[in-house]
Structures are given as C-alpha cells and as structure tokens.
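Please look through the sequence and the three-dimensional structure shown here, and keep both at hand while reading.

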Amino acid sequence: FFILIIAYAFFVSKDLLFGVKIKNVNLRDGTVYTESVIKVTGNAKNAIKLTLNGREISINQAGDFDETIALLSGYNIVSLRAEDKFGLVDEEIYKLMYINK
C-alpha cells in the first residue's frame, strides 16, 4: 500500500522534481533560411518566465509559445531561456544563417 502511495506521489510531482524543460522547438542549429522573418514555436513546460533573445514572451497554461522574429543578414544567434517558480533554468541556443536572395 505504501509503495502505491509513493509511486503515485512521484507520478504527480515528477514535473516539479525535474524542473523546467524547453522542448519541441522548431529551430535547428546550422539551418540556412532564405526568409528574414521566421516563426519560433515550442513548449516550455512548468515555466513561469520565458525569454527569446532577452525579451520576455508569453506562454499559455500548457507552456506552449509562438513568436515571430526577424533575422539579420548572415549569422544569427537565437536564445531561449525558461525559468520555473523554484528558480531552475533551462536555456537553448540556436545558431542560424540567413542568406538574402
């Protein structure tokens, strides 16, 4: 009976134990873009604050985000930083290339 209670408690609180995680982002390192405006989407579950290149962006209750950014000609760095209510942080950095045609 106690094992069942412990297993249930772990299952319910696993997201809090492991903190925030940025995932399912539609960007990949080294991608070459020919359009200067791109849409960045993904999920930051358990995040209370999410920043894209240092600017705070909104997330919904499930942690999904959807933001549009403009790329400069040449090499671009896109950083996503998520923070949860306990101060745990996850950061992803993507290096992209925009070629103006």
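Lys-21 forms a salt bridge with Asp-90, and the closest N and O atoms of the two are 4.0 Å apart; a salt bridge here is a side-chain nitrogen of Lys or Arg within 4 Å of a carboxyl oxygen of Asp or Glu. Because Lys-21 lies in strand β1 and Asp-90 in strand β8, the pair ties together parts that are 69 residues apart in sequence. Strands are DSSP runs of E with at least two residues, helices are runs of H or I with at least four residues, and both are numbered from the N terminus. This is a predicted model, in which local features need pLDDT of at least 70 and side-chain atom pairs count only at pLDDT 80 or more, while totals for chains, interfaces and linings use all residues. Residues are numbered from 1 along each chain as its sequence is written, and side-chain values use heavy atoms, with hydrogens and water left out.

The side chain of Lys-21 also meets that of Glu-92 in a salt bridge, at 4.0 Å from N to O. This pair, too, links distant parts of the chain, with Lys-21 in strand β1 and Glu-92 in strand β8, 71 residues apart. In the whole structure, 5 salt bridges are found, and one of them joins Arg-81 to Glu-83, with the closest N and O atoms 3.7 Å apart. Arg-81 is partly exposed at 35% relative accessibility, and Glu-83 is partly exposed at 25%.

The strands themselves can be followed next. An open sheet of 3 strands has the order β1-β3-β6, with antiparallel pairing, where two strands pair if DSSP finds at least two bridges between them. Its edge strands are β1 (21-23) and β6, each of which pairs on one side only. Neighbouring strands of this sheet are turned by 35 degrees against each other on average, direction ignored; the axes behind this value are lines fitted to C-alpha atoms, for helices over the stretch in contact, and angles run from 0 to 180 degrees between N-to-C directions. Within the sheet, β3 and β6 pair in the antiparallel sense over 7 bridges, and Thr-41 stands opposite Asp-66 in β6.

Strands β7 and β8 run antiparallel and are joined by 10 bridges, and in β8 the bridge partner of Val-78 is Tyr-94. These two strands form a hairpin with 5 residues between them, and Gly-87 in the turn has a positive phi of about 90 degrees. Strand β8 is also joined to β2 (residues 32-33), with which it runs parallel, by 2 bridges; there Tyr-33 stands opposite Tyr-98.

Which residues touch the most other members of the largest nonpolar core? Of its 21 residues, they are Val-25, Leu-27, Phe-65, Leu-80 and Leu-96; a nonpolar core is a set of buried Ala, Val, Leu, Ile, Met, Phe, Trp, Tyr and Cys residues joined through side-chain atoms within 4.5 Å. The elements that give two or more residues to this core are β3 (37-45), β4 (49-52), β6 (64-70), β7 (74-83) and β8 (89-98). Leaving out residues up to four places away in sequence, Phe-65 touches, among others, Val-25, Val-40, Leu-50, Ile-57 and Leu-80.

Asn-76 is found in strand β7 and is buried, with a relative accessible area of 9%. Its side chain reaches the backbone oxygen of Leu-72 at 2.8 Å, and the backbone oxygen of Gly-74 lies 3.0 Å from a polar atom of the Asn-76 side chain.

In contrast to Asn-76, which is buried, Asn-100 counts as exposed at 54% relative accessibility. Asn-100 lies in the segment after β8, and it is 68 residues from Val-32 in sequence but 10 Å from Val-32 in space, C-alpha to C-alpha.

Notes:
Buried means under 20% relative accessible area, exposed over 50%, partly exposed in between (1.4 Å probe, protein chains only). Contact means heavy atoms within 4.5 Å. A polar contact is a pair of N or O atoms within 3.5 Å; within protein, one must be able to donate a hydrogen and the other to accept it, and residues adjacent in sequence count only if both atoms are side-chain atoms.
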